[in-house]
Amino acid sequence: MSDKVTFDYAIIRVVPRVEREEFLNVGVIVSCPALGFLEARIEFDNERLIAFAPTLDIDSIREYLDTIPKICSGDPDSGPIGQLPQRSRFYWLTAPRSTIIQTSPVHTGFCGSADSAIEHLLNSMVRQPSTQG
């Protein structure tokens, strides 16, 4: 018997010009209901984003991205969305939208540790090979 459980995840993306469908991965959201786990981690590389989209308002993007982990944790400052049940918060965050901040489609995997799953996803989908620890 395996100790692994299923989890769902989505990659968080910055899409500077929605009509071009170009994006930069900047974080991940992992939901594991079996472990009561919902967390987002953002790894925002200012230089990379400026090189990718020099006209973006980086401070505004950062502010919007900073709300995602707050919503996941149910932070009182995250507004009414942050007060929804954990699974509803995940679905709200990963709903398709045409804005500068989007998520990938939701994918499913197996993990023994949700923290390990997040680290694996950050290494494989967000971090540049030279910055992986």
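Analyst: A disulfide is defined here as a pair of cysteine sulfur atoms within 2.5 Å. The model is predicted, so local features need pLDDT of at least 70 and side-chain atom pairs count only at pLDDT 80 or more, whereas totals for chains, interfaces and linings use all residues. Residues are numbered from 1 along each chain as its sequence is written, and side-chain values use heavy atoms, with hydrogens and water left out.

The cysteines come first. A search of the whole structure finds zero disulfides. The closest cysteine sulfur to that of Cys32 belongs to Cys111, and at 4.8 Å it is too far away for a bond. For Cys72 the closest cysteine sulfur is that of Cys32, at 13 Å, which is again too far for a bond. Cys32 is buried, with a relative accessibility of 0%; buried means under 20% relative accessible area, exposed means over 50%, and partly exposed lies in between (1.4 Å probe, protein chains only). Cys72 is likewise buried, at 3%.

The strands come next. Helices (H or I, at least four residues) and strands (E, at least two) are DSSP runs, numbered from the N terminus. Strand β1 covers residues 5-14, and because eight of its ten residues are buried, it is largely enclosed by the rest of the structure. Two strands are said to pair if DSSP finds at least two bridges between them. With strand β2 (residues 24-32), β1 pairs in the antiparallel sense over seven bridges, and Asp8 has Ser31 as its bridge partner there. Five bridges join β1 to strand β5 (residues 107-111), also antiparallel; in β5, Val5 is partnered by Cys111. Strand β4 (residues 101-103) runs antiparallel to β1 and is joined to it by three bridges, with Ile101 as the partner of Val14.

A nonpolar core is a set of buried Ala, Val, Leu, Ile, Met, Phe, Trp, Tyr and Cys residues joined through side-chain atoms within 4.5 Å. The largest such core has 21 residues, of which Ile12, Ile29, Phe44, Leu49, Leu65 and Ile68 touch the most other members. At least two residues of this core come from each of β1, β2, β3 (37-42), α2 (58-73) and α3 (86-94). Helix α2 supplies the largest share, six residues. A second, separate core of 14 residues includes Ile11, Cys32, Cys111 and Ala114.

Contact means heavy atoms within 4.5 Å. Leaving aside residues up to four places away in sequence, Leu49 touches Val14, Leu24, Phe44, Leu56, Ile58 and Ile61.

Helix α3 has Arg89, Phe90, Leu93 and Thr94 as its buried residues. These residues cover an arc of only 120° around the axis, which puts them on the same side of α3; the arc is that of the directions from the helix axis to the C-beta atoms. An α-helix has 3.6 residues a turn, so residues three or four places apart point the same way. The buried residues of α3 pack against β1, β2, β3, α2 and β4.

Phe52 lies in helix α1 (residues 46-52) and is partly exposed, with a relative accessible area of 32%. Not counting residues up to four places away in sequence, Phe52 touches Val14, Pro16, Glu22, Phe23 and Leu24. Phe52 and Phe23 are 29 residues apart in sequence, and their C-alpha atoms are 8.8 Å apart.

Arg127 lies in the segment after α4 (114-126) and is buried, with a relative accessible area of 16%. A polar contact is a pair of N or O atoms within 3.5 Å; within protein, one must be able to donate a hydrogen and the other to accept it, and residues adjacent in sequence count only if both atoms are side-chain atoms. The side chain of Arg127 makes such contacts with the side chains of Glu43, at 2.6 Å, and Glu119, at 2.9 Å.
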